Amino acid sequence: MDYDKGSQESPMSDEKQLTTENDNVIEVNDSGVPVRTTTPGGTLSVISPAAERALTRKFDVRILPVLAIMYLFNSLDKSNLGNAKTHGLEKTLGLKGTQYNTILSVFFVPYVLTAPFLGILGKQYGPNRVLPLMMFAFGTCTLLVTAAKNFAGLMTLRWFLGMSESAFFPLVIYYQTTFYRRGELARRLAIFYAAQSIASAFGGLLAFGVFQIKSDSIAEWRYLFIIEGCCTILFSFFAFFYLPQSASTAKFLSPEEKELAYYRMKVDSSSVVNEKFNFRESFKIFKEWTSWMILAIEICLGVPLQSVQLFLPQIVARLGYSAVKTNLYTVAPNVSGAVMLLILAFASDYTRWRFPFVALGFLFTFLGMIVYVGIDVKSQLHVAYFATFMMTWGTSASSVLLDVWYNNNIAHEGRRVVLTSIGVPLANLMGVVSSNIFQNKDAPKYIPALATTAAFGAMGLALTLLLGAFMILDNAHRNNKAGRKIDIKDIPTERLRDGPRAEEFRWFY
């Protein structure tokens with residue numbers, strides 16, 4: 001880390017002081033930029049912005065790729081039924097009527113019920129341990145699908161798959177908030193989350209390749225679960241031994257870098273870094289009405305998100321292509337969704353605005369659904385196919401930026417993990433709605449399902465704009481009361497443990 005030695009006498013008197021785990025004192029200016037650090041022995045050092053950039057690059061190289069690959073497997077294992085359905089899954093297992101929809105729906109019940117508990121375990125024992133164990137579990141469930149013989153067997157496996165995946169994404173979000181500042185989080189989480197869009201695209205390519213296998217021993221679609229399950233299990237062992245517990249304990253950092261990592265979290269992420277979980281304190285997050293508004297937006301997000309994730313192959317199938325080409329034609333929309341997610345996330349971090357980009361995502365999805373419903377698909381194939389691109393643009397961006405938005409406004413680590421462990425699964429619970437509105441009897445148009453999905457998108461757009469407007473007005477009111485304008489960068493998060501109840505609190509909108 002880049003340090004410049006100086007005298008112990010400080011030339012500036014209006015700086016804030018923070019104490020690291022090793023009792024070093026770090027002074028920061030009004031913009032939250034580290035100015036100098038003083039050791040207990042009196043040695044004074046100046047922390048350069050270059051040192052911070054070098055530190056974040058290490059996290060980007062060492063942490064993000066592993067998390068992205070883990071989430072890629074998570075997404076593949078969760079959404080591969082859609083690919084298998086296009087190649088005879090229902091016929092092989094003898095599924096009738098709405099049994100396929102029931103199998104999709106049952107996943108979300110344990111997903112919601114167990115997520116808060118696994119999230120709390122992740123906070124107590126470390127996401128670096130709990131995440132790989134969850135990965136091993138859902139990889140095993142995926143592999144066992146190859147042994148399913150009927151509706152009951154597949155439904156049982158989907159139940160346990162829902163349990164094992166429930167807190168995965170919430171814990172990854174929390175894990176990243178322990179490495180990155182609030183203004184750095186959106187683009188990093190977007191890079192991670194882009195793995196889901198890439199997984200959907202890769203899943204289509206993988207299904208295209210696997211379905212070329214001709215076998216008399218087992219159905220071709222079973223090879224898809226064999227390959228994905230085995231790869232997931234193998235990577236979980238690597239992740240278990242590789243991921244560090246926290247930024248300030250990472251073995252690949254020097255002692256000086258660990259202190260800087262600790263400082264960064266104390267000034268611009270958490271009120272108490274690596275705080276032990278306290279049940280009563282953490283659940284106080286639900287005393288704030290804004291938390292309930294966030295959950296309402298999560299519900300509105302969940303229906304479009306799950307509809308696109310689970311049924312994009314069926315939506316694209318309306319274009320009239322063969323089963324093999326249908327899976328291939330889902331690749332481009334999913335890749336474009338990942339690209340749009342990265343564009344909006346980088347723009348969000350650059351502008352330090354969140355809610356306008358969440359709202360834009362909802363708008364994309366709404367327009368995509370409305371266009372697809374409102375046109376004659378057969379005569380306007382290109383327009384219809386473009387509409388599927390808009391569907392993926394909106395769902396990916398809104399999901400990531402919404403989670404970043406409310407995490408940026410919660411300095412208490414326990415409250416952060418609790419709201420995330422309930423909000424994210426709640427959005428996924430809406431897969432129950434998506435699974436049951438896409439009925440075979442409505443194929444291939446699925447007009448009721450697409451119209452319902454568009455309605456949820458419109459409501460999410462409205463609620464997002466309302467909450468964003470409130471935050472702007474409340475910040476203005478707080479500034480008027482204080483008699484001066486206070487920017488969110490001016491207040492270290494160690495002072496914001498009580499959230500909006502703290503006088504210095506300002507919304508990160």
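Figure 1. Asp349 is placed in helix H15, in a model that is predicted. The residue has a relative accessible area of 6% and therefore counts as buried, since the limit for that class is under 20%. Its side chain meets that of Arg354 in a salt bridge, with an N to O distance of 2.9 Å. Arg354 is buried, as is Asp349. When neighbours within four places in sequence are set aside, the contacts of Asp349 are Arg182, Gly183, Glu184, Leu185, Ala186, Arg187 and Arg354. Arg188 stands 161 residues away from Asp349 along the chain, yet the C-alpha atoms of the two are separated by 9.7 Å.

Figure 2. Arg352 belongs to the loop between H15 and helix H16, the latter covering residues 355–374. Although Arg352 is not a glycine, its phi is positive, at about 60°. Its relative accessibility is 24%, so Arg352 counts as partly exposed.

Figure 3. The side chains of Asp268 and Arg181 form a salt bridge with an N to O distance of 3.4 Å. Asp268 is part of helix H11 (residues 255–268), whereas Arg181 sits in the loop between helix H8 (168–177) and H9, so the pair ties together parts that are 87 residues apart in sequence. Both residues of the pair, Asp268 and Arg181, are buried. They also take part in a network of salt bridges that links Glu52, Arg181, Arg182, Glu184, Arg264 and Asp268. For the model as a whole, the count of salt bridges comes to 19.

Figure 4. Ile198, Phe202, Leu205, Phe208, Leu328, Val335, Val339 and Ile343 make a nonpolar surface patch of about 620 Å². Two elements give two or more residues to the patch, namely helix H9 (185–210) and helix H15 (331–351). The most is given by H9, which supplies four residues. Phe202 is found in H9. With a relative accessible area of 39%, Phe202 is partly exposed, because this value falls between the limits of 20% and 50%.

**Figure 5. Leu67 within the largest nonpolar core.** In soluble globular proteins, nonpolar side chains tend to be buried together. The largest nonpolar core of this model has 141 residues, of which Phe59, Leu67, Met70, Leu89, Trp221 and Tyr372 touch the most other members. Helix H17 (residues 381–408) gives the most to this core, with 14 residues. Residues up to four places away in sequence not counted, Leu67 touches Leu131, Val172, Tyr175, Gln176, Phe192 and Leu243.

Figure 6. The phi of Tyr446 is near 50°, a positive value in a residue other than glycine. Tyr446 counts as buried, because its relative accessibility is 6%. H20 has 36 residues, which at 1.5 Å a residue should span 52 Å; the C-alpha atoms at its ends are 53 Å apart, in agreement with that expectation. Just after H20, Gly483 takes a positive phi of about 80°.

Figure 7. The closest N and O atoms of Arg478 and Asp474 are 2.8 Å apart, and the two residues form a salt bridge. Both lie in H20 (residues 447–482), where four residues, about one turn of the helix, separate Arg478 from Asp474. Arg478 is buried, with a relative accessible area of 15%. Asp474 likewise counts as buried, at 13% relative accessibility.

**Figure 8. The protein chain as the setting for the close-up views.** The secondary structure of the chain comes to 20 helices and five strands. Of its 509 residues, 60% count as buried. Among contacts between residues at least 6 apart in sequence, 79% join residues at least 24 apart. The chain exposes about 19,900 Å², and carbon and sulfur atoms supply 63% of this area.

Notes: Residues numbered from 1 in each chain as written. Predicted model: local features only at pLDDT ≥ 70, side-chain atom pairs only at ≥ 80, totals over all residues. Heavy atoms only, no water. Patch = residues over 30% accessible without salt bridge, like charges linked within 9 Å, V, L, I, M, F, W, Y side chains within 5 Å. Areas by Shrake-Rupley, 256 points an atom, 1.4 Å probe, with all protein chains shown as cover. Salt bridge = Lys/Arg side-chain N within 4 Å of Asp/Glu carboxyl O. Buried < 20%, exposed > 50% of the residue type's maximum accessible area, 1.4 Å probe, protein only. Expected span 1.5 Å × (residues − 1). Core = buried A, V, L, I, M, F, W, Y, C linked by side-chain atoms within 4.5 Å. Contact = heavy atoms within 4.5 Å.
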